Amino acid sequence: MKRYLLSIALGLAALTAGAQQTDYLTLRMADGTECSVPSSGLTLTFGNGQMTVRSAQGTTNYTLTSLAQMWFAATPTAISSLSGSNAGIRIVGGQVVATGIAPADIRVFTPDGREVGQSGLTRGLYIVRTPQQTYKVTAP
């Protein structure tokens, strides 16, 4: 009897230990930007080369070729959503390259909040701020 109860207790412990809280779906785009949407009421629909994401925040379409990764997480990324494209912001050869935005209007930060210059960027994640929006961009 003790062996039976111990087996049940271990089985229940294994089930609860494997559970993971996943409150957000995070999408990483091919250009390195990320966005998170709440997983509550989330529906994903695929068709015609696009993924449609419906959540409490609304409905957004993404072309499948622009998606690099997606995963569920307990916390959202610092940037909760993307509006349209990334305005041509990317990091090439360690330097921020932006289309249609004056270099003086661009500020670059590390994930821990330190402001860095627009050149000499090493591989990793950067937060790029413009007067209109903030982006997460990955330096290859």
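Tyr 24 stands opposite Pro 38 in E2. The model is predicted, so residues are judged by confidence: local features need pLDDT of at least 70, side-chain atom pairs count only at pLDDT 80 or more, and totals for chains, interfaces and linings use all residues. Residues are numbered from 1 along each chain as its sequence is written, and side-chain values use heavy atoms, with hydrogens and water left out.

Strand E1 covers residues 24-29 and runs antiparallel to E2, joined by five bridges. Strands are DSSP runs (E, at least two residues) numbered from the N terminus, and two of them pair if DSSP finds at least two bridges between them. E1 also pairs with E6 in the antiparallel sense, over six bridges.

| Residue | Opposite residue | Strand of the opposite residue |
|---|---|---|
| Tyr 24 | Pro 38 | E2 |
| Met 29 | Leu 67 | E6 |

In the hairpin of E1 and E2, four residues lie between the strands, and Gly 32 takes a positive phi near 95 degrees.

The open sheet has three strands in the order E2-E1-E6, with antiparallel pairing. E2 (34-38) and E6 (67-73) are the edge strands; each has a single partner, so one side of each lacks a neighbour in the sheet.

Leu 44 belongs to strand E3, residues 43-47. Its relative accessibility is 32%, so Leu 44 counts as partly exposed (between buried, under 20% relative accessible area, and exposed, over 50%; 1.4 Å probe, protein chains only).
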